[in-house]
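Please look at the sequence and the structure together before reading on.

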Amino acid sequence: MYYLGLLAEYLKNYMKTRLTYRADFWVEMISDLLFQAVNFIFILVIFMHTDSLGGWSQNEVIFVYGFFMVPYGIFGCFINLWGFSERYIVKGEMDRVLTRPAHNLFQIFLENVDPPALAGSAIGIVIMAISGANLGLSLEWWTLPAMLLLSISAVAIYTGIYTALTSLSFYSDAPTGILPLMYNIQSYGRYPVTIYNRAIQVLLTWVIPFAFVGVYPAALFLEREEMRSMALLTPAVGAVFLAIGLLAWNHGVKRYKGAGS
Amino acid sequence: MNAIEVRDLRKTFKVQKNREGLKGAFADLFKRQYSEVTAVKDISFTIPEGEICGYIGENGAGKSTTIKMLTGILVPTSGIVNVGGYVPHAERERFVQEIGVVFGQRSQLWWDIGVIESFQLLRKVYRVPEQDFKRRLDELVERLALQDLLNRPVRKLSLGQRMRCELVAALLHNPAILFLDEPTIGLDIVVKSEIREFLRDMNREHGTTILLTTHDLQDIEALCSRVIMLDDGRIIYDGGLEELKQRWGTGVEVQFQFGTPTKLPQLQQWSADMPVNWTAENELNAKVWIPRELNVSDLLAKVVGKADITDIKIIETNTDDIVRSIYQSGSAEKPAGLLQAEKEAIHV
């Protein structure tokens, strides 16, 4: 309850700040959407040359992509750790965060909320609706609750991975280059993993489980039997990775060294 | 009841050594060398409730590191810390509810929103009930004359205005203990004395315990009954300010200006029965050092009738000089001999 209240308060302040820099708000939203559009067009271009990709039809791939956009948008909005090391460790803003009576990681999330990213989630839903209709998928009673649960699980996976990786900056003096690398790898998860070779499939499933934020949960709605068990595993993977992330973080905070005087 | 208790507190940082040159940089890439730097070396002190304590020392003496351990930001390498009944780093979220923190070089406030909105946000963060918040805010705003600033964004405030707002932000939840890290840094004289007066009132009215670090010794003189002096991670002095002055301000210097040339041996002869130390720049100017135990007027009585004096200056060593010489010698134990004081001249 306390944290929800804080969230509302921070969002209110975000809006106030952003309304003073309106142009900035729209530019950010549009650039986000353009980025997604380019990826989307990429899929369309591929399917101009072939009818199926590793056994997946165009509409299926697009549906997976649409599903991926939902957790990705939520993650981008609420869990924004981009530039953490620069801002909080190098400049020492972590000092301030640590002297306030709310969990430090949560405060950092709140201070960096980025609502324009949610536009991606909205578009993802539209994409799923359209491609779902093209595929003739039916809306069962469990579809919406399952979608909610799996989206939240996917966000938990993202949060866990990025929190764990970001907490590395507590251990290492220099900002690491591993985060940009991750941002590249994560884009593999938005396409059906079966199109990749075996090693990458294992990597995306068990090591850095980006397949669980896109193709596996989406497969449940596409009624792909071979991935059903994987889809049902998503919440568990989410819980495990979130726990790893939080543990790594809490342990890292103890090693925080502060900056300057 | 002690507000702050520290025993054998130590903090060691592992610092990466950078080897020289491009070759060194490559070597560092594969095998890093670390050295340990102990910023705070087994210090112990206690601060009773309601005390204002100054924490001074040169840059890099370990002041900020100590404050950061006391506020729960850093985890100590070893030793015991207890602040307001909490172990700061272990129970951080509950503990920080009870303290206020102002870091002079860093802002608590949100840059782009109005000051009052920052306060509202902090109210939510600290879970201060609306009623208490209103009363407290009104009191603080009036006390620090912030009425006109409340709706301005923080980035448009001057440093002095911002610092007053920072104080309000740190005190909204009515903390029992206040930590101030260089609260008057970069402020003009008027704002400085406003802030000092405010802190004194806070301490008197609410019994707030205050620990402040500063480089401005006038802060200390105006506020603190006690100083802790740190050098190279160790406490070199802990006690009253008056005591420090007495121990270190070893005497008084008197400067004479004569109308007619007066020779040094002559002066020494006049005061032959007193253990004073004369120096003369020329025949018209002379200085005498009088130890604390002696009476200045006794010496004056010996000289005034005999010489043709045009001016007398009595110079007492002030805290700045005392502290400077302590920093230079690195220990508060042995007096550094004659202090060359130039300030606080009293014309007779």
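Where in chain B is the place of B:Ala145? B:Ala145 is found in the loop between α5 and α6 (159–171) of chain B, where helices (H or I, at least four residues) and strands (E, at least two) are DSSP runs numbered from the N terminus. The model is predicted, so local features need pLDDT of at least 70 and side-chain atom pairs count only at pLDDT 80 or more, while totals for chains, interfaces and linings use all residues. Residues are numbered from 1 along each chain as its sequence is written, and chains are lettered from A and ligands numbered from 1 in the order in which they are written.

Although B:Ala145 is not a glycine, it has a positive phi of about 50 degrees. B:Ala145 is exposed, with 11 other C-beta atoms within 10 Å; a residue counts as exposed if 12 or fewer other C-beta atoms, placed from the backbone, lie within 10 Å of its own, as buried if there are 20 or more, and as partly exposed in between. B:Arg127, in the loop between α4 and α5 (130–143) of chain B, is not a glycine either and has a positive phi of about 55 degrees, and B:Arg127 is partly exposed, with 13 other C-beta atoms within 10 Å.

In chain A, A:Tyr216 lies in helix α12 (residues 215–221) and is buried, with 30 other C-beta atoms within 10 Å. Not counting residues up to four places away in sequence, A:Tyr216 touches A:Ala211, A:Met227, A:Met230, A:Ala231 and A:Thr234, where contact means that the C-beta atoms, placed from the backbone, lie within 7 Å.

Returning to chain B, three strands form an open antiparallel sheet in the order β2-β1-β4, strands being paired if DSSP finds at least two bridges between them. Because β2 (33–48) and β4 (78–83) of chain B each have a single partner strand, they stand at the edges, and one side of each is left without a neighbour in the sheet. Five bridges join β1(B) to the antiparallel β4(B), and B:Glu5 stands opposite B:Asn82 in β4(B).

Finally, 27 residues of chain B are in contact with 23 residues of chain A. On the side of chain B that touches chain A, β1 (2–17), α2 (63–70), α3 (92–95), β5 (99–103) and α4 (115–125) of chain B each supply at least two residues, and α4(B) gives the most, with four residues.

Methods
Two residues are in contact if their C-beta atoms, placed from the backbone, lie within 7 Å.
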